[in-house]
Amino acid sequence: MRYQVRDAEGRELTVPSLADLHALYDQGFLAEDDLVRQEKAERWVRAGEMPALAGARTRRGGARWIVTVLAAAVALAAALGLLLAGR
């Protein structure tokens, strides 16, 4: 089944399959607020509200989590370094 996508500026794109739609969303080419509908449907749905894309939303948030953990590790290492340097 094909999907129509409409961005905030009104531009439309036809996506050949759900797998392709998922890949575009996962890679950040589709925003949470972009509208999506099945080709023969009349109702538009926000991409961020589509259950079929729920796994992609979780993975997209994962990069933010990694950066946060990395920053915390650097801060911990710096604090330990300061503590050990004071001995």
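How many helices and strands does the secondary structure of the protein come to? The points below begin with that.

1. **Overall fold.** The protein has 2 helices and 4 strands. Along the sequence they follow the pattern β-β-α-β-β-α. Helices (H or I, at least four residues) and strands (E, at least two) are DSSP runs, numbered from the N terminus.

2. **What kind of model this is.** This is a predicted model, where local features need pLDDT of at least 70, side-chain atom pairs count only at pLDDT 80 or more, and totals for chains, interfaces and linings use all residues. Residues are numbered from 1 along each chain as its sequence is written, and side-chain values use heavy atoms, with hydrogens and water left out.

3. **Strand pairing.** β1 and strand β3 (residues 35-38) run antiparallel, joined by 4 bridges. Two strands pair if DSSP finds at least two bridges between them. Across this pairing, Gln-4 stands opposite Arg-37 in β3. β3 also pairs with strand β4 (residues 45-46), again in the antiparallel sense, over 2 bridges. Here Leu-35 has Arg-46 of β4 as its bridge partner. β3 and β4 form a hairpin, with 6 residues between them.

4. **The core.** The largest nonpolar core has 11 residues, among them Tyr-3, Val-5, Leu-21, Val-36 and Met-50. β1 (3-6) and α1 (18-26) each supply at least two residues of this core. A nonpolar core is a set of buried Ala, Val, Leu, Ile, Met, Phe, Trp, Tyr and Cys residues joined through side-chain atoms within 4.5 Å. Buried means under 20% relative accessible area, exposed means over 50%, and partly exposed is in between (1.4 Å probe, protein chains only). Of the 87 residues of the protein, 20% count as buried.

5. **Contacts.** Take Val-5, a member of the core. Not counting residues up to four places away in sequence, Val-5 touches residues including Val-15, Leu-21, Leu-30, Val-36 and Trp-44. Contact means heavy atoms within 4.5 Å. Now the whole protein: among contacts between residues at least 6 apart in sequence, 43% join residues at least 24 apart.

6. **Salt bridges.** The structure holds 6 salt bridges. A salt bridge is a side-chain nitrogen of Lys or Arg within 4 Å of a carboxyl oxygen of Asp or Glu. Glu-12 and Arg-6 form one (3.0 Å, N to O). Glu-12 is partly exposed, at 44% relative accessible area. Arg-6 is partly exposed too, at 27%. Arg-11 bridges to Asp-7, with the closest N and O atoms 2.7 Å apart. Arg-11 counts as exposed, at 51% relative accessibility. Asp-7, Glu-9 and Arg-11 are linked in a network of salt bridges. Arg-46 and Glu-49 also meet in a salt bridge (2.9 Å, N to O). Arg-46 is partly exposed, at 29%.

7. **The surface.** The protein exposes about 6300 Å², and carbon and sulfur atoms supply 61% of it. Accessible areas come from the Shrake-Rupley method with a 1.4 Å probe; for residues, only the protein chains shown count as cover. Leu-76, Leu-80 and Leu-83 form a nonpolar patch on the surface, with about 320 Å² of accessible area together. Patches are made of residues with over 30% relative accessible area and no salt bridge: like charges are joined within 9 Å, nonpolar side chains (Val, Leu, Ile, Met, Phe, Trp, Tyr) within 5 Å. Leu-83 lies in helix α2 (residues 54-85). Leu-83 counts as exposed, at 60% relative accessibility.
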